[in-house]
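Q: I would like to go through this structure feature by feature. Please give the general idea each time, then the case at hand.

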Amino acid sequence: TMLQTLIKSRKNARFIKPRRAYCQSNKLERIKYENPLTGRYCGKDMNYLWSPQFKFSTWRKLWIALATAQKEGGLSVTQSQIDQMKKNQDNINFSDAEAYEKKFRHDVMSHIHAFGDQCPEAAPIIHWGATSCFVGDNTDIIQIKESMILVRNQLVQLLDIMKRQALIHKDVPTLGFTHFQPAQLTTVGKRMTLWMQDLVLDLESLNNMIDTIPLRGVKGTTGTQASFLALFNGDHAKCRNLDKRVANLMGFKSSIGVSGQTYTRKIDFQVTAILSGIAQSAHKFATDMRLLMHLKEIEEPWGDKQIGSSAMAYKRNPMRSERICSLARHVITLESNTANTHANQWFERTLDDSANRRITLPEAFLSIDAILNIQTNIIDGMQVWPFVIRKHVMDEIAYIATENIIMAGVKAGGDRQVLHEVIRQHSMEASKLIKERGGNNDLMERITNDKHFEAIKGELGDLLEPSNYVGRAPEQVTEFIEEYVDPLIEPHLASIKKPVNDLDL
């Protein structure tokens with residue numbers, strides 16, 4: 001065979017022989033590519049939703065729903081046939097299906113025959129009047145919806161933990177940054193609400209999609225329901241009822257209004273756009289965390305035995321945040337993938353979407369699952385260092401306080417323009433000391449010793465209190481949580497089942 005031919009080649013022998021040795025030692029699982037999303041990053045629940053077991057048991061649920069609706073519509077389907085199908089709904093005979101697929105080269109027909117072997121009485125009516133997309137597309141929609149519900153639970157849990165952290169730190173002054181340059185003060189908790197605001201918008205979009213996403217339904221080979229119209233002898237009402245009934249049996253309010261053979265791939269784009277939005281929010285958070293770790297103000301959780309670098313033993317790297325950024329970029333690129341897939345569909349359908357979607361849709365959800373698990377872990381275990389934060393604030397507070405110092409000086413009888421110029425000159429000299437000689441910021445010392453500010457010398461200490469410069473930040477934290485966060489997450493808090501300390505990173 002090809003393997004034997006390659007082994008004979010001296011050029012390739014040194015690469016192939018180890019492979020043959022692995023095969024002979026029953027280590028086949030170590031010589032195949034493993035997707036790190038399933039083996040390394042993603043949680044068990046999301047993995048299961050995109051597993052062969054869930055996929056093919058859902059195919060069978062759809063066949064059962066179709067048969068049930070056909071029986072209710074008066075077709076010759078018996079309850080005994082339906083019961084036999086239900087009995088084997090989750091008992092997937094994978095080896096039989098794989099054997100059939102080698103013969104038929106058609107995955108849906110393979111599983112129809114495999115299911116029929118287990119349900120001989122029902123075999124004649126399995127998939128009656130349907131096309132492959134009846135199970136394929138409807139299952140995709142079901143997997144997408146169930147995955148979105150899981151993502152919603154993760155977002156709710158994350159926002160609930162963020163809320164608690166924001167309230168704890170709502171009064172802690174910290175430097176605000178614009179252009180990553182020191183700006184007016186904010187608070188640690190207020191900065192957290194900026195991360196939360198992004199996620200609130202994401203959750204609102206996700207909720208809308210969960211509530212409105214339609215099933216593909218029972219539409220036939222090109223969307224005209226021609227085969228079902230023939231089954232019901234031209235009865236249009238029964239065709240419409242069949243479509244609605246199957247959607248209801250599968251837990252959907254409705255099926256899509258019209259379709260070709262497939263549901264419009266616009267839905268895939270809309271879903272991945274929401275997931276891309278979540279990834280963008282997580283990436284912004286993780287980037288901020290990486291910068292904060294550089295400043296040593298806030299840090300990720302750190303294990304007692306965790307190693308930051310194989311060479312530099314002192315390193316404490318933001319590896320969780322970096323992983324979020326890495327996975328988030330992957331999800332963001334998938335949005336353009338689904339956009340191109342939708343744009344390139346021809347008429348009632350083409351098959352050039354199939355292989356792409358088998359990769360894109362699962363990877364989008366598996367990646368988001370990993371991202372949200374990691375972000376939840378970071379937020380829950382983050383370490384806030386208030387003394388470092390205050391030191392950085394006090395290094396800059398003199399600059400920040402200058403406007404208030406000028407106003408106090410004017411109230412005490414000083415000339416506003418003169419005081420402004422004096423402070424400008426002192427500020428330039430203090431900056432020069434810092435930049436040219438590596439000295440400390442001595443601006444306040446200069447102001448204190450300047451005769452122009454003699455009248456307010458006793459007030460300068462109070463003017464340097466950081467809490468005087470955070471505006472309404474503490475109040476904004478409380479208002480935002482009470483008015484926006486709590487109403488959004490409270491209806492879903494009961495659905496959270498996974499304790500944070502059980503997250504597998």
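Q: At what angle do α5 and α8 pack, and how far apart are their axes?
A: Axes are lines fitted to C-alpha atoms, for helices over the stretch in contact, and angles run from 0 to 180 degrees between N-to-C directions. Helices (H or I, at least four residues) and strands (E, at least two) are DSSP runs, numbered from the N terminus. Here α5 and α8 pack at about 70 degrees, with axes 11 Å apart. α5 is therefore roughly perpendicular to α8 (under 35 degrees is roughly parallel, over 145 roughly antiparallel, 65 to 115 roughly perpendicular, the rest oblique). This is a predicted model: local features need pLDDT of at least 70, side-chain atom pairs count only at pLDDT 80 or more, and totals for chains, interfaces and linings use all residues. Residues are numbered from 1 along each chain as its sequence is written, and side-chain values use heavy atoms, with hydrogens and water left out.

Q: Which residues of α5 and α8 make the contact?
A: Contact means heavy atoms within 4.5 Å. From α5 come Phe56, Trp59, Arg60 and Trp63, and from α8 Asp107, Val108, His111, Ile112, Ala114, Phe115 and Gln118. By class, the residues of this contact are seven nonpolar, two polar and two charged (Ala, Val, Leu, Ile, Met, Phe, Trp, Tyr, Cys and Pro count as nonpolar, Asp, Glu, Lys and Arg as charged, the others, Gly among them, as polar).

Q: How much space lies in the largest pocket, and which residues are closest to its centre?
A: On a 1 Å grid over the protein atoms alone, a pocket is an open set of points where a 1.4 Å probe fits, with protein on both sides within 12 Å along at least five of seven lines; lining residues have an atom within 4 Å of a point. Grid points are joined across faces, edges and corners, and a volume is the space filled by probe spheres set on the points. The largest pocket holds about 890 Å³. It has 32 lining residues, and Lys55, Asp140, Ser354, Arg357 and Arg358 are the closest to its centre. Two or more lining residues come from each of α5 (52–72), α8 (107–118), α9 (132–168) and α15 (354–381). The largest share, eight residues, belongs to α15. The lining divides into eleven nonpolar, eleven polar and ten charged residues.

Q: What is the volume of the second largest pocket, and which element gives the largest share of its lining?
A: Its volume is about 460 Å³. Of its 22 lining residues, Gly176, Phe177, Thr186, Arg191 and Leu194 lie nearest the centre. The largest share, five residues, comes from α13. The lining of the second largest pocket comprises twelve nonpolar, six polar and four charged residues.

Q: Is Gln225 buried or exposed?
A: Buried means under 20% relative accessible area, exposed over 50%, partly exposed in between (1.4 Å probe, protein chains only). Gln225 has a relative accessible area of 16%, so it is buried. This residue sits in the loop between α10 and α11 (226–231) and, although not a glycine, has a positive phi of about 60 degrees.

Q: And is Phe347 buried or exposed?
A: Phe347 is exposed, at 82% relative accessibility. Phe347 is not a glycine either, yet has a positive phi of about 45 degrees; its place is the loop between α14 (319–343) and α15.

Q: What is Thr193 in contact with, leaving aside its neighbours within four places in sequence?
A: Thr193 touches Ala166, Val477 and Phe480. Thr193 belongs to helix α10 and is buried, with a relative accessible area of 5%.
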